[in-house]
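Subject: Structure for you to look at

Hello,

Please find the structure below. My notes on it follow.

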Amino acid sequence: MPYPFGLRRFHFGKGSRQWGGPRKTAVLRRFESYSPHSSPPATRRSYPSIGGSLWLKTFTLSHFFYKLKLGFTSQGGFVSQLPLLPVRAPNLTMQCAQIQINYYYVGLWTGHDFHSQFPSFATCSKELKECSGHVFVDSVPEFCLPETELIDLSTVDVILISNYHCMMALPYITEHTGFTGTVYATEPTVQIGRLLMEELVNFIERVPKAQSASLWKNKDIQRLLPSPLKDAVEVSTWRRCYTMQEVNSALSKIQLVGYSQKIELFGAVQVTPLSSGYALGSSNWIIQSHYEKVSYVSGSSLLTTHPQPMDQASLKNSDVLVLTGLTQIPTANPDGMVGEFCSNLALTVRNGGNVLVPCYPSGVIYDLLECLYQYIDSAGLSNIPFYFISPVANSSLEFSQIFAEWLCHNKQTKVYLPEPPFPHAELIQTNKLKHYPSLHGDFSSDFRQPCVVFTGHPSLRFGDVVHFMELWGKSSLNTVIFTEPDFSYLEALAPYQPLAMKCIYCPIDTRLNFIQVSKLLKEVQPLHVVCPEQYTQPPPAQSHRMDLMIDCQPPAMSYRRAEVLALPFKRRYEKIEIMPELADSLVPMEIKPGISLATVSAVLHTKDNKHVLQPPPRPTQPTGGKKRKRASDDIPDCKVLKPLLSGSIPVEQFVQALEKHGFSDIKVEDTAKGHIVLLQEAETLIQIEEDSTHIICDNDEMLRVRLRDLVLKFLQKF
Amino acid sequence: MDPECSQLLPALCSVLADPRQPVADDTCLEKLLDWFKTITEAGSSLLLLQENPCLLGLLCHVLKPQDLSPRVLAFSLRLAGMLAAQEDCFQYLQGDSSLFVASAAGQLLVHILGLSLQGAAEGHPGLQTGDWPVCAQKIVSHIEESLRSAATPQITQALNVLTTTFGHCHNPWTQVLWVRLSPLVACLLEKDPVPAAHSLVDLLLSVARSSVLSSSSCGLWETLAQTLSHLSPTQAGPLALGILKLQECPQALRAQAFAVLLQPLTCVLEATAQAPGLLDSLDGTGGASVTVDTLLPSKAACVGLLCRTLAHLELLQPLPQRPSPWPQAPLLGATVTILRLCSGLATPTSDAGGHLCAFLVGCVRVQRAALDFLGTLSQGTGPRELVTRVFAVLLEYLTSPDSSPTVLKKAFQATFRWLQSSPETPGCSDLDPHAQLFLRELLPVLPKRLCSPCWEVRDSGLEFLTQMIGHWGGQAGFRRALLASEVPELTEQLLRDPESYVRASAVAAMGQLSSQGLRVTPASPEHPGGRQKSLLAELLRILSTDSEGFPRRAVMHVFTQWLRDGHADVAGDTERFVARVLQVASQDLDWEVRAQGLELALVFLEQTLGRPSSHCPYAVTPPVAAPPSPLAQALRPLCRVQLFEFAFRALFDCDRPVAQKSCDLLLFLRAQTASYSGPQGSGSVPEVASVEAALQRWQAGDQGQPLGYLEPEVVVAVLRSMDLEGLRGVLAESSDRVEKSPQSLLQDMLATVGALGEDEADCY
């Protein structure tokens, strides 16, 4: 692949967590850094506090990825064993070596005697199949879980979900890691995320398969397998797909949020989701305290498609902008790809062929249907049926129409007309687009050719798409058009080879490309940009393309997998509230125009990271009781305070004043920090500096006090 | 000036002189000036002023310091200058920063300078500036002062005045002026950056083009060479192009100018280091080697300079005085490299190349400029290897989904030009094997383009196809490739495209396909037994029902061409075809369709009367061409197709071009029938009278009643009785002559400010 794809599937933020006893008060503490990957023992800090302790974990935002490992399906008698490939998910921290293409296939049954070709693997030969020169693993689908070695997920306080493509591994986290925190996401993210998971579970459960290949995972065997099997990482951690019950349980832990809604996290920070313009409900996140602001930008789009446009203005004034989830195909312009998609579709159908579009049930499909709505008449395709087959097809099409507030302006205004925001409603009404939960039932009676079919799964390893690959693969009249950028189409097709049908690759990835990133950064002007290392250099296969990297000033800070970054800012200030009655008692004194000072004696009360100055308690008469007082009841020691001084001493006038008071033989020397006034006769030295004055005289307290009083005359007291 | 205008003029002058009144737009003032110009050219300016004292009043009024709009000031100055061409001594204003005033003042200065020297210096070409009239000396001093000024606007004004002077005055005194001022001009070059560089370039080119100045004697070539080396690459480009366009110029200077022009391309080749051979030949033109970093430092600079350079070279390429030898191969190499950089195909190995690539990737402006220039370069030859690269890059652009519609259009145009220039195989009129190979790869691309969701792409694809068929439709290789593709079928489907431009282009393409016998009539399994609908019927459907004008016009063009060429569908029953087309066209709301109908009628008329068509001398003689006699016999088909009814209706068409065309057609017909000695006194035939009466009603606007079938004799008689020449005279006058009259202009201008008596209304 020309570019490290895989930067997509999931990302979760893990957040703060309450630790220990009841949340009462906590000492003032600083939120030191955000690090994309912190090692728990190293970053875990606890702070003693009165009445309990709160450990707030440093925010860590990371992408997790899962790998949809091996799969197969056996449906409708078309095929007995089918291949799977990993759904590469983006891992914010993945290094090149880890994102290289690792595919594991369940081979199509070809009748080859695999054993004879790999005699040393006799033990696992039943698990391995060969097809057109590639070796595949025959197994129930397995998924690679989110990274768990770097961080103990049970200690994570908060997960922020950016968009529905990023939450597919959520059940693995919420159900099996001891996670007890909160998950935040927008409503469309949750609803459509549910659809995607439901479809996945449905596809897998529809065709139960008993066998789970495990022998090949033996390291001694795996390293001898042909590439890419031998390069697969962490194969022992791969798990089977979750169940619908686990999905429901995971989703029940999500708290819904709306754009621009401010969510307080333990008083330490506020998080706010902003529209990212990429998908329905997709969000960028702002994590801010009173004086610091970090923006987490992931999976954003500046193109005008169906979702609400990206909110750029709110990202301004960021100290740090963490940037990830850019387009995986920076060289493919989505407009051009849509054009290719339409042209190839039309050409195929005109020649009497069928078009298969392996896709997810939500997302780009809405735009494709809209585009086709405008195109089919001009292309003379009005009589061609479009079929959308997915267990969640109906829900997806209906959900899209009801999330009006999450849509772009044009679509929102349609709702008030009232018209359905998406034109696929009209396609359905006019019978041009028909949707079915599966191949079985109504579809088989309605089905007529030539036609266009949208169905999943885009990996071609399971789902109804498998049937159509089998059905249409042998005719060169038919075409399969890949639009999802997650998968290498060649790898997806490998187990179906040899194929006669035409294959077109039109990846439509609307996320930011590098030109748009540079525009965005110019607009938003963060102080620092933090991004994966891959974005700071041209893709390895196109090392001359200097345009395919982030170019900003100052240069972006990059990180690799498992690297802990200290973000380039320090928390210097905390906001403290003053209670009104205390504020009333203050008497400010203007020391410079516009600057007033007042002394304050108060009790600093800190709770949930909020700091309040309260009036000191009135001294109570000792009751004479002999009870031991609790430490917290101690009254601060309110001694009579010496006045505070301010101002500076003008040396010349000071010398004149000395002379006036009878001192003679005065010598003034300039020093690096101020002046030294020498009273030679009295063997006394007055050292005047910006923030201190010292009178040095030997054993003459009277003289010192006289001089001190002279000095004080030049200073203001309050 | 007619009395009506004289009456209106005072009111207008007072409106113009009143700063509170909203002044009409510039166009009105321009028209007013044009009108005054015609008056002063026709007669005495002095008389004009005497008869219209309000004009003098206006001119005097504007001299007073007040808050006049710059456009009125500029108008007054120009009017003053115009009048001063005959009546000198008008004061001039200076120093106003307004563009209008500065420009007008500059022009006035030039006129005054020219006038003041006309008498004085004419007899004495050697007269030095010191001996010039005081007025001229003052102007020269003012210019000198401005040239010495530190303020760029002043320098610019002075340079512009000089540019106009050398551009318009070709008297010997201009040489004296240049000799005096050139040192000051040269001084400008010592400043960094050179101030008012654009104006300086204009001046130097104006001087260099002047026929009076002997360039060698006044150091002009040296100044030009110096300027070329001082100006920035962007500023030097236009100067270099100007120098290369000069008819006479020292070879060294030309070489220097060419090197300047080629510098950016040299840089590109150097940075990509793809073909050292190419680089040498460009370097050989004498340019100093410049690196990408200095010449193309930023994206904006790089894109701007490359676009300009390519445009300059494109202008230079076809000129006879272009540098020789013309570095065709390096230019081709550089252009192809730029195109490859723009599409991200090039893989530069150096850092400079990498930067260049980052600047140019996806840059539509550069792509368009480079494709235009590449098309122009098809006029020359190139090494086979380079031509292969040209076709490869063109194919890449035509194939790439990222090519924008405008880029694609340019790519199609360039492709056609290169195919056109590819050599024909000796002894065979077919495309050369190389081009054929290219065509084989191109034709699969075309269907995809014709299916594009973007109508501009479909349109340019069809235009390209039409050109291709027009050029190679008769050649076997092309025909085979085309027929093997889906193109003809797709083209036919586009006749029903929702976009009217595309339908129009599809009509043109189908017309060509059909003319060349390339229309596919398959009995495919998809259309079992269904006899393909005739294209003629389909085009007639478009002509009668299409809601947009473009497709209908295209149909008329195709029909005319078919008639001219004796197309099989037409030749079968020409009369019926013509009658049907004329009937539909006569009812069309689009005047161009009706005008084209007359064109078709003319072709039919010429064919019927046996006169070889003047438009297409190679056309197959249509079977309907009849011997010229007897005339009545010959006219009968025209009568049967109701050509006369169509032409007479068109004669009174509300759109002038239609009426003119019809008038010409009828005059031509009358000339043809001049020798006809039909039955005398046919005017007395009652039919003639009724036709004439009907025509009169038509002229009056009542075109309801049809004429019906007319006998040739009646037609001839009516033609003879009509005052076609008179009608042609009336039509030759602008139909909007009333609207364009000065009286109407004055009324309009006054009306906008409500100064006309009748427009005054008592309203709140």
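P193(B) is found in the loop between α9 (173-188) and α10 (197-209) of chain B, where helices (H or I, at least four residues) and strands (E, at least two) are DSSP runs, numbered from the N terminus.

Before the rest, the conventions. This is a predicted model, in which local features need pLDDT of at least 70 and side-chain atom pairs count only at pLDDT 80 or more, while totals for chains, interfaces and linings use all residues. Residues are numbered from 1 along each chain as its sequence is written, chains are lettered from A and ligands numbered from 1 in the order in which they are written, and side-chain values use heavy atoms, with hydrogens and water left out.

Chain A also has a cis peptide bond, between G456(A) and H457(A), with omega about 5 degrees. H457(A) sits in the loop between β18 (452-455) and α14 (465-472) of chain A. L460(A) is in the loop between β18 and α14 of chain A, and although not a glycine, L460(A) has a positive phi of about 65 degrees. Most residues other than glycine have a negative phi, and most peptide bonds are trans.

Next, the interface. Chain A contributes 20 residues to the contact and chain B 24 residues, contact meaning heavy atoms within 4.5 Å. In chain A, the residues that lose the most area to chain B are L347(A), R350(A) and H544(A), together 32% of what that side buries. Between them the two chains bury about 1800 Å², 58% of it on carbon and sulfur atoms; buried area is the accessible area (1.4 Å probe) that two parts lose on being put together, summed over both.

Seven residue pairs are in polar contact between chain A and chain B, both at pLDDT 80 or more. A polar contact is a pair of N or O atoms within 3.5 Å; within protein, one must be able to donate a hydrogen and the other to accept it, and residues adjacent in sequence count only if both atoms are side-chain atoms. There is one salt bridge between the chains, a salt bridge being a side-chain nitrogen of Lys or Arg within 4 Å of a carboxyl oxygen of Asp or Glu. K448(B) pairs in this way with E340(A), their closest N and O atoms 3.0 Å apart. On the chain A side, α8 (334-350) and α9 (364-378) are the elements that give two or more residues to the contact with chain B, and α8(A) gives the most, with 11 residues.

Over all chains the count is 37 salt bridges. One of them joins E533(A) and R560(A), with the closest N and O atoms 2.9 Å apart. E533(A) lies in the loop between β21 (528-532) and β22 (557-559) of chain A and R560(A) in the loop between β22 and β23 (576-578) of chain A, so the pair ties together parts that are 27 residues apart in sequence.

Regards
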